[in-house]
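Let's take a walk through this one, strand by strand and then on to a helix. Have the model open beside you as you read.

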Amino acid sequence: RDHAQGPEPGPGTHQTSNAVALASLIHSSSSFDKRNIPPCLRLVSISALDMTMETLTQNHDQPQDGLYCRLKREAAEVIQQEPEMEKLLRQTVLAPKVQTFEGAVAQTLCHRLLLSSIQSIDSEHTCPVSPSAFLKLILQCMESPLIEHNGSTISEAIRGDALAVVERDPAMDTVLEVVLFAKGFSALVAHRVAFRLWHMKRKFTALFLQSQTSAVFGVDIHPLARVGKGVMMDHATGIVVGETATIGDGCTILHGVTLGGTGKERGDRHPKVGNYVLIGAGSQLLGNIQIGDSAKIGAGSVLLGDIPDFATAVGVPAKIIGRNDDNHPGEEVDMKLRRVSLLGRAASTIAIACIDDESSSSIESHSNNTDTPQSTEEEDTKEEKIMERQRHKHPETRPTKEKTEEDDKMWPYREYVEVAKRGTPEGTVSILHFMTALKPEKVPSCVAGRCFFELDKRGRGYINPDAFAKDAPIVIHCTCGISMEKAKDFAKKAVELASLN
């Protein structure tokens, strides 16, 4: 009573100091029953008192779980501001037996998945499965020390997912909102549990969990699909991930995305998405294709072929339109594709002279020899005039080719062909020169396109011949599996073809 004396606080005021003092008084008396607190002591919120009592009775020799403490603190603040939500919180993140972040997530997931078929999480008679046994099984999987395919445990992956949503989704301000309301996060948690259950030879239970997740959250992920940590599925409605699909760390996937097959074939038939990839809403990735690290796929695209690291692909069917300026697009979430170096963008005369030249000294010397740099408009005008002259110069010497795979509308690198056909600065190497040089070796067009993308570091659609001659042999050797001697010959031939243009 002594600790509760003083002026009465206003309605709704959160008296944290009173809660600590009263909890300390109760904690020191073994015979005190908090249910018999007299009215004069009810100045302190019962919820705040419960939270403080739990903190005082913890074993302080054990390390504190920062994420779980943050979750409880956010829950206490919600109860203070919106007391009608207390029952929901008491059934989920603040349930009596919850002591860890994983426990709070498991309790919430079980509550959300089974809520449609039972009146209470404690009901054993109106549910198709035993809620207590189901919760125990989920928690067992989430706390498993076994390492997943991405080098982390399920617990580490779930924590990374929750923090990723808070950091990337402007609509989510707290971890509590993510755990309770972000169905993309809940669907990922359910999938990770189903993945572990499948490998525990609990296939039927894993399929039940997948079915419930699809029905409740509208997200269908096969239990055998492999998903990295720190993944955000924003909105998540309509996301479908096939059996042999793989999603790397740090990816962001928006609603309506499909990682599917192309027919009824069996075996490895679904996309393999690298790390830090951004996939826009409504995109369809079909077949056993490779999506490189830090790639971007625009909203509504239909991707049917491989794309390399840092590529940006858009359209139906999707084609590569440029190179990403972001190292981790999945974390930056640049859905307007503003930070992309587009192919064929007009370059200054200085950039043309120095394109793909890794020697900074040559760039500096060129800049030092230029007394008054030209404006961007003047440089763009000069560049357009140069390219216009090249379109009409020696048309008979331009490399010609028969209709091959690069003419296929499904080929992701066809924008490079369009840039080459429109004309490139004199002497620069285009993808047509490159493909013509590699033709005797019968290199697949997708592999040749990936080689050219790796060499075109500026994303212009053409490459300076000196830089090409220097870098191409090693890229051709590593990507195409061609000997260094042959690779040097092919690079030399491509430069010769370019000089005739």
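Predicted model: local features only at pLDDT ≥ 70, side-chain atom pairs only at ≥ 80, totals over all residues.

Strands β14 (residues 311-314) and β15 (residues 319-324) run antiparallel, joined by four bridges.

β14 has another pairing to show you. Strand β12 (residues 296-297) pairs with β14 in the parallel sense, over two bridges. Here Lys296 has Thr312 as its bridge partner in β14. As for what holds such pairs together, strands of a sheet pair through backbone hydrogen bonds, whether parallel or antiparallel.

Now move to the open sheet: five strands with parallel pairing, in the order β1-β4-β7-β10-β13. The edges belong to β1 (220-221) and β13 (302-303), and each of these has a single partner strand, so one side of each is left without a neighbour in the sheet. Elsewhere in that order, β7 (residues 258-260) and β10 (residues 284-286) pair in the parallel sense over three bridges. To find your place there, look for Thr258, which stands opposite Gln284 in β10.

Last stop, helix α16 (residues 431-438). Seven of its eight residues are buried, so the helix is largely enclosed by the rest of the structure. The buried ones are Ile431, Leu432, His433, Phe434, Met435, Ala437 and Leu438. And what covers them? The cover includes α15 (414-422), α17 (445-455), α18 (465-480) and α19 (484-500).

Conventions
Residues numbered from 1 in each chain as written. Heavy atoms only, no water. Pairing = 2+ DSSP bridges. Buried < 20%, exposed > 50% of the residue type's maximum accessible area, 1.4 Å probe, protein only. Contact = heavy atoms within 4.5 Å.
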